[in-house]
Amino acid sequence: MKHRLEIETMGKMKVAGPQYANGEITISGSKNSALPILAATILTDEKVILHNIPNLADVNTMIEILENTGKKVMWENSTLVIEKGEEKINSILPYGPVRKMRASFNVLGPLTIRNGYAKVALPGGCSIGVRPVNFHLEGLKKLGIESKIEHGYTNSKFTENNHQKKIHISLPFPSVGATEHLITTAVMLKDTETILTNCAQEPEIVDLCNFLISMGARIEGQGSSNIKIYGTDRLYGTEYTIIPDRIEAGTYAILGAILGGKVTLNNVIEDHLFSLLDIFEKLGIHYEFKNNTLIVSGISKMELTPVDVETSTFPGFPTDLQPQLMVLLSLIPGRSSITENVFKTRFNHVDELNRMGAKIFVESNTAIITGVTKLSGAPLEATDLRASAALLIAALAAEGETVINNVDHIFRGYEKLFDKLEKLNLSVEYFE
């Protein structure tokens, strides 16, 4: 048993294209499930065993945060074992690990409930638009947690929610992070019924709820916009397997549509990809599902039909696949469009794609895409996690050499990236 798997983080990627993908890979566990579930392990002192955990930079950051609270965490292949450390759980978390990603803020509520007080740095993450924490703090206040932001930290105290027996919180927007944070906090309000409305409905929220239920929590309505939580004063140890990563699956499916050949993806849940598969059908892309395996076959882009797409919360088309889909649409004859409704400034990749010969014009929160017959290699700058994946796909499809700078972002979301690319018969040179 070892403490932590090593991960690769390189500064640049050099790609010679065009390349063609053929092969078979297995999709890893969901990063966006693993992070809130790891945060929720703070709620128990008993042993928690988690399977199908992806070895990613963000997961390692969350492990560092748990260790800062006093947890003992051990890796064994894709399994994490989390146990209580020797000291009392620590409620003060330093700026260093918390600043690295958004999901780190979800430890605030659980820590405050456990110890009555918590001090957590304000979070960081990808530069994809404003993502304030006010939804979190306003909801936590209704749960009895008063917070004050001072010097870049959130200082929170639990006031026993004035002994309320029923609490109703309506989110102004179906925020995934706020929904997860409030559920994870509310499960520990003994003898209190919390009703959350306008909740996010993403599969990762259902996974979090199922994990909490396996620990003894009482939750109803997960996967809908209305969730009820019946609080308890104790949660137990558990053994749980994380769902596969639908964004990783969608990324490789789009790669297969652009570069295939035939790309076979194992460990995929069809229900989680309906919005992407609906777009594939409108485009004319060939795919089939067999027993949690998705097979995507690439065809000539000249045979495909342009589409108009809007991102939205689940079950709509995910913003985390928007940059990757834009690469595909940029190679389809005719006029397509993508309207970004979740993070309205999430178009940092557009200028880089245009440097490769794409014809994309952004007006407000809509990108108008006029298809071109080819992309050309160019020096590029990656700006965030999903933009990095999109630029890598574009580089593999482009003629000539592409160098993607500042590409470290990609390792936050794609486990064993180079191994999987190799299995798809794709070649990427990486260096610092």
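This is a predicted model: local features need pLDDT of at least 70, side-chain atom pairs count only at pLDDT 80 or more; totals for chains, interfaces and linings use all residues.
1. **Two helices side by side.** Start with helix H6 (residues 176–186) and helix H7 (residues 203–214). Their axes come within 10 Å. They cross at roughly 10 degrees. Angles under 35 degrees count as roughly parallel, so H6 and H7 are roughly parallel to each other.

2. **What makes that contact.** H6 contributes Val176, Thr179, Glu180, Ile183 and Thr184. H7 contributes Glu204, Ile205, Leu208, Cys209 and Leu212. Sorted by class, the contact of H6 with H7 has six nonpolar, two polar and two charged residues.

3. **The sheet.** Next, look at the open sheet of four strands. Its order is S10-S11-S13-S12, and the pairing is mixed. Strand S10 (166–170) and strand S12 (218–220) are the edge strands; each pairs on one side only. From one strand to the next, the twist averages 15 degrees.

4. **A strand pair inside the sheet.** Strand S11 (residues 193–197) and strand S13 (residues 226–230) run antiparallel. Five bridges join them. For one of the residues, Glu193, the bridge partner in S13 is Tyr230.

5. **A loop residue to check.** Is Leu273 buried or exposed? Leu273 sits in the loop between strand S15 (260–266) and helix H9 (274–283). Its relative accessibility is 2%, so Leu273 counts as buried; the cut-off for buried is under 20%.

6. **Neighbours of Leu273.** Leaving out residues up to four places away in sequence, Leu273 touches Arg246, Ala249, Gly250, Val268 and Leu294. Gly400 is 127 residues apart from Leu273 along the chain, and their C-alpha atoms are separated by 32 Å.

Terms used:
Residues are numbered from 1 along each chain as its sequence is written. Side-chain values use heavy atoms; hydrogens and water are left out. Axes are lines fitted to C-alpha atoms, for helices over the stretch in contact, and angles run from 0 to 180 degrees between N-to-C directions. Angles under 35 degrees count as roughly parallel, over 145 as roughly antiparallel, 65 to 115 as roughly perpendicular and the rest as oblique. Contact means heavy atoms within 4.5 Å. Ala, Val, Leu, Ile, Met, Phe, Trp, Tyr, Cys and Pro count as nonpolar, Asp, Glu, Lys and Arg as charged, and the others, Gly among them, as polar. Buried means under 20% relative accessible area, exposed over 50%, partly exposed in between (1.4 Å probe, protein chains only). Two strands pair if DSSP finds at least two bridges between them.
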